[in-house]
Amino acid sequence: MLFSELATYFSRLEKETSRNSLVEILAELFEHALPEEIASCTYLLQGRLAPFFQPIEIGMGVNYVADAIALAYQTDRAEVLRRFDRLGDMGEVAKEMGEESGRAAPPEASPGIVEVFETLKRIAGMAGPGSIEQKVGAFTKLLSSLDPLSANYLCRIPLGRLRLGVGDPTILDAFSFAQVGDKSLRKRLERAYNETSDLGLIGDTLWQHGIEGVDCLSIRVGNPIRPALAERLPSAEDILKKLGRCAVEMKYDGFRCQVHKDGEDVRIFSRNLEDMTGMFPEIAQATVRQIAADTAIFEGEALAYNPASDEFLPFQQTTRRRRKHKIDEAAQELPLRLFAFDLLYMNGENVTSVPYEERHDRLARLIQRDETIDVSATRIVEDPEALMEVFNLAIQEGLEGILAKRLDSPYQAGSRNFNWVKLKRAQSGELQDTVDCVIIGYIYGRGKRSSFGVGALLVAVYDPDRDLFTSITKIGTGLTDEEWREVRERCEPYVSEDKPARVESILKPSVWVEPAVVIEVLADEITRSPIHTAGMDGEKQGYALRFPRLVSFRSDDRRPEDCTTVREIVEMYGQQGFRPAK
Ligand code: ATP
């Protein structure tokens, strides 16, 4: 397939807002591609050259892309930047100049998808002295071989501005439609996706080896695994009723780390599957020292620890080091402790189907404990009183609550189910758990706050079945000036003129924001609402948060798709009013 054909599909996708039509267009694209083009197509659709957890970047910012456009269309950088000021998008600039230069139709010898993909990868790999000139040169050559529409999309890729509004679940559905004409392969594709996190690999395997080939894909050291998550129940009694005799662990309020060890090579992934190895040097070193296996994948919660006061510090303090450049200094000042709580892989063996109790035993034997990596304390309980003893102990230690775990449960990647159940501390008159929301717009206010450009935030939760972000509340009060400023700074790159493709909202904010900035919100209550779209279904009203307030910014460890789901909101609505028994 020619890159120009792919660009035509991109332009159709960009104009489309209906989920079903997006799936149809994508399925048509995959049907027309050759098997060996599926992986490149999939990564390019996401504006990437590799799965998102591999930090491969093209390494060309606005100025270098402008240089390439200037060279390709024989003008100068100043002219390109003038047009950029007017059009606000480098892709549009390239398209306009391409049209003016008369390249309306795809030129002869227009490159194929794989050729463009491989050239971009080669550009990404250029490093060292003179590499900038080489990058600009190679990009210019590529640009010169493309028609205006293709040039538009090409220029947006290095700048991270492709934004076709296609989420991962939509691509999985399209794979299924392209292969069998319906969604019936989705579950099997999703399992492989949860265990490998690599859509390109899944697409390539599906086209080259069929769905049976996909069934053979499983967890591997180096590919982050989508995390298992906990359900909620309102009381110790409910938990015992549901799980029976179970294990109870402290719920540490830190940063979830998935550690992959391959000999001396260690990689650490966050809850949203980003490679964070650089942020946690002491945990990487301790893994080599403390883990008695050649290969291993395990999970734990990392917390900043203040040795002077012998205290654990909350999540916000733990993530502060991400913004500090001097991570080594931070590691000295506030060393981290990792409480390992689960084992997924060990010496070549996938242990996710081994029952929890045995996995935890194996984990405890695998770790040679010292002050950096420890094992989460676990106690087996049979009655609500014993569970509440552990809960009260957790609260006394300043922790969030507990997690109860089913003794015979496997580790189910990417699932939120009753294998794990969380019970958190709640003040009276508050929801028992916070809600992770993504900002989808600002509403300009009057008065002091409007000087920061924001008066209220419109926020949404995620509906994975429809791959949509649906509005759930406005947050207008309770933010400090500092927080408003931070909101503004974080949202700035995502401001969008039109409603973003995957957003569903009846309220129209003054400014739309593409779903990117995740915040943790505490509210008093969930109510039914005719104006919010979360959980709205035909005649049935949606759900809204009452008296919402910002607790923390969570983009460091949550992707927008990791937000609380509509299904969870409906469950939390049903559980309101119950409190953990004293
Ligand atoms: P929350 O905001 O409540 O942490 P969450 O959506 O991140 O919620 P949940 O599935 O609700 O995730 O709760 C599990 C989370 O609790 C894990 O992601 C992990 O980061 C954290 N955690 C802390 N201690 C433990 C533990 N002992 N076992 C498992 N998870 C733990």
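This is a predicted model: local features need pLDDT of at least 70, side-chain atom pairs count only at pLDDT 80 or more; totals for chains, interfaces and linings use all residues.
Close-up 1. E12 gives the most, with four residues. The shell comprises 17 residues, and those that come nearest to the ligand are Ala-230, Lys-251, Arg-256, Glu-301 and Lys-422. By residue class, ten members of the shell are charged and seven are nonpolar, while no polar residue is found among them.

Close-up 2. Taken on its own, the ligand has 590 Å² of accessible area, of which the protein covers 96%.

**Close-up 3. The aromatic pair formed by Phe-52 and Phe-53, one of 14 aromatic pairs in the structure.** The ring centres of Phe-52 and Phe-53 are 5.7 Å apart and their planes stand at 90°, so this pair is classed as edge-to-face. Phe-53 has a relative accessible area of 2% and is therefore buried, whereas Phe-52, with a relative accessible area of 25%, is partly exposed. Arg-559 lies over the face of Phe-52, at 4.9 Å from the ring centre.

**Close-up 4. The aromatic pair of Phe-175 and Trp-207, which links distant parts of the chain.** Phe-175 belongs to helix H10 (residues 168-180) and Trp-207 to helix H12 (residues 199-215), the two residues being 32 residues apart. Their rings are 5.6 Å from centre to centre with 70° between the planes, an edge-to-face arrangement. Phe-175 counts as buried because its relative accessibility is 0%, and Trp-207 likewise counts as buried, at 18% relative accessibility, because the cut-off for this class is under 20%. Together with Phe-30, Phe-175 and Trp-207 form one aromatic cluster.

**Close-up 5. A lysine positioned over an aromatic ring, with Lys-242 and Phe-418 in view.** The charged end of Lys-242 sits over the ring of Phe-418, at 4.4 Å from the centre of that ring.

Conventions:
Residues are numbered from 1 along each chain as its sequence is written. Side-chain values use heavy atoms; hydrogens and water are left out. A residue is near a molecule or strand if one of its heavy atoms lies within 4 Å of it. Accessible areas come from the Shrake-Rupley method with a 1.4 Å probe; for residues, only the protein chains shown count as cover. Ala, Val, Leu, Ile, Met, Phe, Trp, Tyr, Cys and Pro count as nonpolar, Asp, Glu, Lys and Arg as charged, and the others, Gly among them, as polar. Rings of Phe, Tyr and Trp (its six-membered ring) pair if their centres lie within 6.5 Å; planes under 30 degrees apart count as stacked, over 60 as edge-to-face and the rest as tilted. Buried means under 20% relative accessible area, exposed over 50%, partly exposed in between (1.4 Å probe, protein chains only). A charge sits over a ring if NZ of Lys or CZ of Arg is within 6 Å of the ring centre and within 35 degrees of the ring normal.
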